[in-house]
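Me: I would like to go through this model with you, one topic at a time. Please keep the answers plain.

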Amino acid sequence: MVPGRGLARASCALVLGLATTAVSAESPTLAKIKRNGSVTLGYREASIPFSYLGADQKPVGFSLDLCAQVVAKIKSDLKLDTLAVKLQPVDSTNRIPLIQNGTIDMECGATSSSVARLKQVAFTVAIFVSSARWLTKASSGIHDVKGLDGKSVVATQGSNAVGFAFGIKAKGGTFNVIQAKDHGESMLTLQSGRAAAFMEDDILLASLKARTPDPAAFAFLPETYTLVPYALMLPRDDAELKTLADGVLKDMMASGAFTQLYAKWFESPIPPRNENLNFPMSEALKERVAHPSDSVDF
């Protein structure tokens, strides 16, 4: 054997082994994005102010603005000269499957994290904290949840609100639960009188209420339910992508950029009708901004 040849072969094997380890540990999502030169974002068409269609029918919103910052970081970290951004509409029934099968790389909507969902997908640190509530017609004469007994209520299929509604019913409620295909249809069900109340996260109800011809015609019941964190949804078991996205959001929260963006979408006139949701940051969200977390517990 030529002196040193065995050592050279061993060194070569070690280098190849390290290279293989690096490739296998690489984020599959980021590898796909780099290979394709594009990233696909899922968006909602009617989840104001998180993700919805603006006056020109182009997607806009708070979550999309946050995702844009994550995309910029991806482009920088992958050292790409250009990175095409593809937009894919999603709804409450297909958003998780489209993340799971790789159709979308990140969902920029109004999706809440939960123990059950964390078995299927991953979430960034929370970008919003909501509470489920009931919205009724102001003229209904209903003043609390007891007034819903014997009536029909509506919740959007695939939303956590469906489980909340059935949970309330299981504790003694006698109302009937209707499931609509999306938030728009749920609101129409309430407006038409086919349901006496619409259960959903408070901010989504506030946005739907603001879009009606007469927002004062609708009122919230006083009861509030479990605090729920919203976050950007990511593929499960892709720690590198989650670390990247979390880092972007944490930096924004620390610098004040997140709070400024919140004010733009929740406390200022927004397109397409220049409505102001007048929805100040809750104490629960302020806590998450001060101490970013992806926990589903409060």
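Predicted model: local features only at pLDDT ≥ 70, side-chain atom pairs only at ≥ 80, totals over all residues.

Me: How far does α3 reach from its first C-alpha to its last?
Reply: The 16 residues of α3 reach 23 Å, close to the 22 Å expected at 1.5 Å a residue. The expected span is 1.5 Å times one less than the number of residues.

Me: Which residues of α3 are buried?
Reply: They are F62, S63, L64, L66, C67, V70, V71 and I74. Buried means under 20% relative accessible area, exposed over 50%, and partly exposed in between (1.4 Å probe, protein chains only).

Me: Which residue is joined to C67 by a disulfide?
Reply: C67 is joined to C108, with an S to S distance of 2.1 Å. C67 lies in helix α3 (residues 62-77) and C108 in strand β6 (residues 106-112), so the pair ties together parts that are 41 residues apart in sequence. A search of the whole structure finds one disulfide, that is, a pair of cysteine sulfur atoms within 2.5 Å.

Me: Is that disulfide left-handed or right-handed?
Reply: The torsion about the S-S bond of C67 and C108 is about -105°, so the disulfide is left-handed. C67 counts as buried because its relative accessibility is 0%.

Me: Changing topic, in what order do the three strands of the open sheet come?
Reply: The order is β2-β3-β4, with antiparallel pairing. The edge strands, β2 (46-47) and β4 (59-60), each pair on one side only. Two strands pair if DSSP finds at least two bridges between them; two bridges join β2 to β3 (residues 51-53). A46 in this sheet stands opposite Y52 in β3.

Me: And the largest pocket, which residues lie nearest its centre?
Reply: E45, A46, V90, D91 and D182 do, out of 13 lining residues. β2 and α6 (183-191) are the elements that give two or more residues to that lining.

Note on methods
Residues numbered from 1 in each chain as written. Heavy atoms only, no water. Helix = DSSP H or I, 4+ residues; strand = E, 2+ residues; numbered from the N terminus. 1 Å grid on protein atoms, 1.4 Å probe; cavity = no way out; pocket = protein on both sides within 12 Å on 5 of 7 lines; lining within 4 Å.
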